[in-house]
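Here are my notes on the model you sent over. They are set out as numbered points, with one local question taken up before the overall picture.

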Amino acid sequence: RLESALAEASPPSLRAVAMELGYKYAASLYRWFPILCRRLVAKRREHAGRRRRQIEAAFRAALTEEPAPTLKQVARRLGYKAGRPYDRYFSPLLKRVAARARSDFQQQKNKIRSVLEAALKKEPPPLMHTIARRVGLTRSYLAGLFSDLWQKLGARSKGHRMQESASKRQLLQQEAREIALRLLRTGTPPTRRMVQSMITRSPIKSSYLINKEIRRVRAEVQKLRARP
C-alpha cells in the first residue's frame, strides 16, 4: 500500500494510509518500512508545496481578471466544491481578491441600476424581459437585487400594457360600430364575419367585442325606429 501511495499523483498522508490499514498511528508503519514512509512523507510535502504554488498563482491571476472573479469561482476552478483549506496560507491574498470582487460587483450593480432607472423614465415603458435581456440577467435575479425599483418597473409596464390593451379594444369597438351602422344604412344586416372582414384600422379582431358592438348598434337602431 505504501508503494501504491508513492505512485499516486496526489499521494495520501502517511496517517491516512495507516488508518486505511487499520492502524491508529503511523509509527507502526515507520517501524517496519522507514524508507518507504520517509519517501511518502517527502513526496506528500513536495506535492503540497506544488499545490500551494498552484493555488497562489490562481488567486494572483484573479487580481488581474476582468470581470473580477469571486473567491468561490476561483476555488471551483481549483477543484474545491466546499471548504477552503488554503485560507491559513493565503489570507492577505484572499482578502485582496475578495475586496476586488466586491468592488467590481458594486460597479456592475451601479451600472445596472442606471439602466433600470433610465427604463423607468422611458415612454413607452419597456417590457420586463426586454430590460433583463439588455443587462444580461434573469428577471428573478434582478427582482432580488433591486426589489423596489423592479416592482416600480413592473407596475409601470403592467399599467402601460393595460392602457394599450384598452385603447386597442376601444379602437376595435369604434370601427366595428362604424361598419355595422354603414351596413344597416344600406339595408344589409351586419354579421360578425362580415364586420370582421371589413376591419382595417384595428390591430385586433376580437369576435366577442365585434358581436357585442353589433348587438349594441342593432338595439340603438331598433330603438330609434320605434320612436313615433
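1. With which side chain does the side chain of Gln196 make a polar contact at 2.8 Å? In this predicted model, the partner is the side chain of Arg192. Gln196 belongs to helix 10, which covers residues 192–197. A polar contact also joins the side chains of Gln196 and Ser207, this one at 3.4 Å.

2. Once neighbours within four places in sequence are left aside, Gln196 is in contact with Lys205, Ser207 and Ile210. Is Gln196 buried or exposed? Its relative accessible area is 17%, and because buried means under 20%, Gln196 counts as buried.

3. Now the chain as a whole. The secondary structure of the protein chain consists of eleven helices and zero strands. Read from the N terminus, the order of elements is α-α-α-α-α-α-α-α-α-α-α.

4. How does the radius of gyration of the protein chain stand against that of a compact globule of 228 residues? The chain has 37 Å, whereas the globule would be near 17 Å. Along the principal axes, the C-alpha atoms fill a box of roughly 125 × 40 × 25 Å.

5. Burial and surface come next. Of the 228 residues in the protein chain, 30% count as buried. The accessible surface amounts to about 15,400 Å², and carbon and sulfur atoms hold 53% of that surface. Among contacts in the chain with a separation of 6 or more, 59% are between residues 24 or more positions apart.

6. On charge, the protein chain carries 52 positive side chains and 17 negative ones. The centres of these two sets lie 4 Å apart.

7. Glu213 deserves a look. It sits in helix 11, residues 207–226, and has a relative accessible area of 3%. Buried means under 20%, so Glu213 falls in that class. Which residues does Glu213 touch, not counting those up to four places away in sequence? They are Gln173, Ala176 and Arg177.

8. The bond joining Glu66 and Pro67 is cis, with omega about -5°. Pro67 is placed in the loop between helix 4 (34–62) and helix 5 (71–77). The bond from Glu123 to Pro124 is cis as well, with omega near -10°. Pro124 is in the loop between helix 6 (87–121) and helix 7 (128–135).

9. Helix 4 also contains Ile55. Is Ile55 buried or exposed? Ile55 is buried, with a relative accessible area of 3%. Leaving aside neighbours within four places in sequence, the residues in contact with Ile55 are Leu78, Tyr80, Tyr86 and Phe90.

10. Arg51 is found in helix 4 too. Not counting residues up to four places away in sequence, Arg51 touches Leu78 and Tyr80. What lies 2.5 Å from a polar atom of the Arg51 side chain? The backbone oxygen of Leu78 does.

11. Finally, two separations, both taken C-alpha to C-alpha. Ile55 and Leu171 are 116 residues apart in sequence and 67 Å apart in space. For Arg51 and Pro190, the figures are 139 residues in sequence and 84 Å in space.

Notes: Residues numbered from 1 in each chain as written. Predicted model: local features only at pLDDT ≥ 70, side-chain atom pairs only at ≥ 80, totals over all residues. Heavy atoms only, no water. Helix = DSSP H or I, 4+ residues; strand = E, 2+ residues; numbered from the N terminus. Rg over C-alpha atoms; globule rule 2.2 N^0.38 Å. Buried < 20%, exposed > 50% of the residue type's maximum accessible area, 1.4 Å probe, protein only. Contact = heavy atoms within 4.5 Å. Areas by Shrake-Rupley, 256 points an atom, 1.4 Å probe, with all protein chains shown as cover. Lys, Arg positive; Asp, Glu negative; His and termini not counted. Charge placed at Lys NZ, Arg CZ, Asp CG, Glu CD. Polar contact = N/O pair within 3.5 Å; in protein donor to acceptor, adjacent residues only side chain to side chain.
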